[in-house]
Amino acid sequence: MKKINSFEELEKLRKKLKGIKDKEKIIISVCMETGCIAAGSEEIYRELRKEIKKVKNKEIKVIKTGCHGFSEVDPAIVIYPEKIFYIRLSPNDVKEIIEKTIKKGEIVERLTYKDEKGQIIPYLDQIPFYKKQKRLVLSLNGLIDPENIEDYIYYGGYTALSKVLSGMSPEEVIEEIKKSGLRGRGGGGFPTGKKWEYCRKAEGYPKYVICNADEGDPGAFMDRSVIEGNPHSVIEGMIIGAYAIGSNEGYVYIRHEYPLALKRLKIAIEQAREYGFLGENILGSGFSFDIDIVRGGGAFVCGESTALMASIEGKVGEPRAKYIHTVEKGLYEKPTCLNNVETWANVPFIINNGWEKFAEIGTDTSKGTKIFSLVGKVKNTGLVEVPMGITLREIIFDIGGGIKENKKFKGVQTGGPSGGVIPEKYLDLPVDFDRLNEVGSMMGSGGMIVMDEDTCMVDVARYFLNFLKEESCGKCVPCREGINQMLEILNRITQGKGKKEDIEILKEISDFMQKASLCALGTTAPNPVLTTITYFYDEYINHIEQKKCSAGVCKDLIEYFVNTEKCTGCTLCAKNCPVNAIEGERKKIHKINKEKCIKCGICFTICKFNAIERK
Amino acid sequence: MKSVEIIIDGIKKIVPKRITILKIAQDVGIEIPTLCYHSAIEPYGACRLCIVEIERNGRKRYVTACNFPVEDEIKIETNNENVVKIRKLILELLIAKVGYKGKVKEYAEKYEVEPRFGIGNDDCILCGLCVNVCKEIIGVSAISFSQRGIERKVSSPFEKEPTNCIGCGACSFVCPVDAIKVEDIKNERIIKKINAKLELEKCKICQKPFIPKKLIEYIKNKLGANVLLDIFLICNECKGKNYVDKLLPFSLTGGKK
Amino acid sequence: MRKLEVDKILEKNGWSKNKIVGILQDIQDSYSYLPEDILIYISEKLNIPLSQIYSISTFYRAFSLKPKGKYRIKVCLGTACHVRGGYMIAEFLKNKFGILPGETTEDGLFSFDTVNCLGACAIGPIVVINEKYYGQMDVRKTEKIIKGLENEKNKQF
Ligand SMILES: Cc1cc2nc3c(=O)[nH]c(=O)nc-3n(C[C@H](O)[C@H](O)[C@H](O)COP(=O)(O)O)c2cc1C
Ligand code: SF4
Ligand code: SF4
Ligand code: FES
Ligand code: FES
């Protein structure tokens, strides 16, 4: 491909692509992201390619795309243009799909989604999981091949860039973003336009733009999905941002645990360079900009802006004081604008459609959409993009289909280790930066982990502190030592050795860490503890006074034993115990050896006679 | 506007912009406790003991005095109840780590800290002064922090003998809890904490081994000299007898970067 | 020999001091750990204090100063995997191998690490063995896979 040298040439290419692509009548899209591949989509793709070749019809195309989001039913395919959605496929299903659907246009009912009542729903848009979603950022995920820039261009990619470079001043771009009300999607919710403006006005050169793709929140994978499904939207956003700020050099800081995202991003950047969207004199406008990729090293704290910049500079990821902001003194002490993946990916939409279109979605203070990874004990796990202002109940029950195995909802964790657990009474809370803060949690980057009656809230608090103990950089005393002491207390409580004063001490250390820690890892670390104490106080008391874990999670407080009346001696449990802790002969009553038992609970779930009990 | 008016503990003062609160406090004679600060080294902001409360436009927040640059009109309280509460907890946590040692002991007594989390026995509070003095002032970077979080510690690379350590002892000199002991045994200098072992040169006058050979080499290189002035080669005791008892200012990289 | 390989990696990264984290990533990828002699070599070549390299090598989880096993097992302990019982798998492996996360079995066959989220949360608990992802795992499935790997080894000898 020859470099595109002008806006006209870009449109010419788009026309040419239209000529080619409009001939593709049927597109079978197989989602190929980390999650889908783990579920087996690669095999489906291979089989499809093999079988389609035999059909010998140029109007049918099989493509690898980003994720359609409904991970629960992976591996799945979507057949365009009708958007027929086949789920939980195995390679053996492929032949039937070709014979019936592709050749004759029939629906293979056994492969479709079925709702609660067993009703068949063959089309993607009609599935409850998608109904309440609004896909701006994810609109092309599932439709384009992320490794092929021409797919993106065909669907209108790089028009926003072209619009900006051909007729908008940097100030106008900033004004557009400011008016749209876009706020940072990385957690803090800082107004993006304002950040750009500060950075534009800051003195110093060079200036840098950085994309934060560190996505360290455990249980969150929005950014991975955006990059794996539509990397060019992020790149286009960054180029526009760089133009607005006056920067010629950008970085994407990407988590090392994401090899596929890294690969696709690399390909996308190379292609963007080849086509002339990156490099010198972009589209003949005189503006130059390029992007370098930096791999993270596996440290959650490196998502923090100053730690991230230290890491790019080749240092240990230690935060430093931000009394002078990074828009003034950031990377290499130069003005730097850092935004999250999703923030960048929103930019092309705003420029293409105008700020009004964006601002009409959402609430007063939070505009646009937000992507969440809906996971945990919810029926329909996956990636959802919803308009701001939707309630938690709608997300969890309408989109998510409620709790797995119809158990009871207990809480939903948002904001990762910096956020908190939101209890049932706030389920009707609209999702909005400020409203989530009010109840002690935060939007965070978009992890939404649903918890049911089998989740112990003290254990959740302990879990996050344990996570943070491993992830704290260890530089400042409040965070390093504070987390350590809090964790010791929580460990004691989960072992049944807690004292009632412990709760007060936890609160005291929390308050102290919020005030005295150096960076936001430390100042927000107490949130999971504080919210669980506030909303699930009884559970703490239960552990401390009754020495009981009602959810049956805290190992030191539970025991598995065989109900001698129910045991039939079927040996199933003994065969399945991973540590051979169950003894007993066939047809004789079995016994659990307490010394060996690791309390994994397998016997408890596997026994057909409910003869294993927990107390 | 190159200067601003601030109020510190009720005292009004006009100060140059971007001066730190700690410097202002020192000027007006207010004492703020510090553990990780040294006037010759870039502030590190790790111990948080120097925390103070500031008020700007009616909003209060806590900042560390050693590295907070004053930009506009603020009111600073360096020792109110909230601040003291934070400092006490910092000290309590440090006692849980290292027990009553050096400056921690001094401040713990001053702030009447009652330890609830036990009395620890580590040697180091991870203030970073040793690491930073070695890097910024000496220009050697023989030691660094390793690991992270609660596992963090000061160490030499691979916890082996640091090949570039010149044995100057600056790390030991700045340590607020005396965690780094320098021992001269016969003709060797041993700094156990950082696994350093250095051969000593003898004093030109009394023949007692007293200065690491590597340090002499290092100074020679820095000064670009083939031979050194005798002042470097004569031990302190003999110097006291023969020369004016005065050390050269000990900064080989020209001080703070 | 090794120096040539390392030089290639340094070349790829433009002999740049700032790229040290990326350079160490490449070394880790090639050798499955960071050999001490190579770190010393890099320190000399790029004129970075060895202490800084050591500091970085021990700070980031991506790096290991000891060789990893033939099968590198990662168990996700991210929140989503945790609430679905991922911790039991970790517990099981600890017992099974008698090693702690970050360690390698004596025969060099297995190493076992815990990680915080691999981004495939929707189908958690996740276990990754070498580069292959396994979704919706539990103790039993893990045990089966490991048995399979052990058998494979026996076959080879
Ligand atoms: C401990 C910690 C971890 C963070 N991790 C991330 C992350 O993984 N991704 C991200 O975009 N922002 C993360 N942030 C927030 C960033 O520091 C920063 O605010 C954000 O990237 C700014 O982009 P935005 O304005 O577009 O949200 C983290 C912050 C802290 C304190
Ligand atoms: S708050 Fe925690 S992560 Fe942040 S600087 Fe302090 S120790 Fe490091
Ligand atoms: S050894 Fe001393 S100077 Fe060095 S970090 Fe520890 S306490 Fe600070
Ligand atoms: S003296 Fe200011 S943070 Fe340590
Ligand atoms: S929590 Fe395990 S993959 Fe995300």
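**Figure 1. The hairpin of strand 8 and strand 9 of chain B.** In this predicted model, strand 8 of chain B and strand 9 of chain B form a hairpin with 2 residues between the strands, and B:Lys186 has a positive phi near 50°. B:Asp184 lies opposite B:Arg189 of strand 9 of chain B.

**Figure 2. The hairpin of strand 9 and strand 10 of chain B.** Strand 9 of chain B also pairs with strand 10 (residues 196-202) of chain B, antiparallel and through 4 bridges. B:Glu188 has B:Glu199 in strand 10 of chain B as its bridge partner. This hairpin has 4 residues between strand 9 and strand 10 of chain B, and its turn includes B:Asn195, with a positive phi of about 60°. Strands of a sheet pair through backbone hydrogen bonds, in a parallel or an antiparallel sense.

**Figure 3. The surroundings of ligand 3 in chain B.** The residues around ligand 3 include four cysteines of chain B, namely B:Cys124, B:Cys127, B:Cys130 and B:Cys175. Also in this shell are B:Ile125, B:Leu126, B:Gly128 and B:Val154. B:Pro176, B:Val177, B:Ala179 and B:Ile180 belong to the shell as well. By class, 11 residues around ligand 3 are nonpolar and 1 is polar, with no charged residues.

**Figure 4. The two assigned domains of chain B.** Domain 1 of chain B spans 3-79 and domain 2 spans 129-245. Their C-alpha centres are 34 Å apart. To the contact, domain 1 of chain B gives 8 residues and domain 2 of chain B gives 9 residues.

Figure 5. A:Gly411 has A:Met451 in strand 15 of chain A as its bridge partner.

**Figure 6. The packing of helix 18 on helix 19 in chain A.** Helix 18 (residues 457-471) and helix 19 (residues 477-494) of chain A pack at about 145°, and their axes are 9 Å apart. Their crossing is left-handed. Helix 18 of chain A contributes A:Val458, A:Asp459, A:Ala461, A:Arg462, A:Leu465, A:Asn466, A:Leu468 and A:Lys469. These meet A:Ile483, A:Asn484, A:Met486, A:Leu487, A:Leu490, A:Asn491, A:Ile493 and A:Thr494 of helix 19 of chain A. The residues of this contact comprise 9 nonpolar, 4 polar and 3 charged.

Figure 7. Ligand 2 has 13 residues around it, of which A:Cys473, A:Cys476, A:Cys479, A:Cys519 and A:Gly522 come nearest. The shell divides into 8 nonpolar, 4 polar and 1 charged residues. The domain assignment of chain A gives domain 1 (26-80 + 84-122), domain 2 (149-359), domain 3 (369-452), domain 4 (457-546) and domain 5 (559-614). The C-alpha centres of domain 1 and domain 4 of chain A are separated by 46 Å.

Figure 8. Chain C has 7 helices and 5 strands, in the sequence pattern α-α-α-α-β-α-α-β-β-β-β-α. Its C-alpha atoms fill a box of roughly 50 × 40 × 25 Å along the principal axes. Domain 1 of chain C spans 2-59 and domain 2 spans 71-156, with C-alpha centres 29 Å apart. Helix 2 (residues 20-31) and helix 4 (residues 50-59) of chain C cross at roughly 65°, their axes coming within 11 Å. The crossing is right-handed. C:Ile20, C:Val21 and C:Leu24 of helix 2 meet C:Ile53, C:Ile56 and C:Ser57 of helix 4 of chain C. This contact has 5 nonpolar and 1 polar residues, and no charged residues.

Methods. Residues numbered from 1 in each chain as written. Chains lettered and ligands numbered in written order. Predicted model: local features only at pLDDT ≥ 70, side-chain atom pairs only at ≥ 80, totals over all residues. Heavy atoms only, no water. Domains from an automatic or database assignment. Axes fitted to C-alpha atoms, helices over the stretch in contact; angles between N-to-C directions. Left-handed = near helix turned anticlockwise from the far one by under 90°. Contact = heavy atoms within 4.5 Å. Nonpolar A, V, L, I, M, F, W, Y, C, P; charged D, E, K, R; others polar. Near = heavy atom within 4 Å. Pairing = 2+ DSSP bridges.
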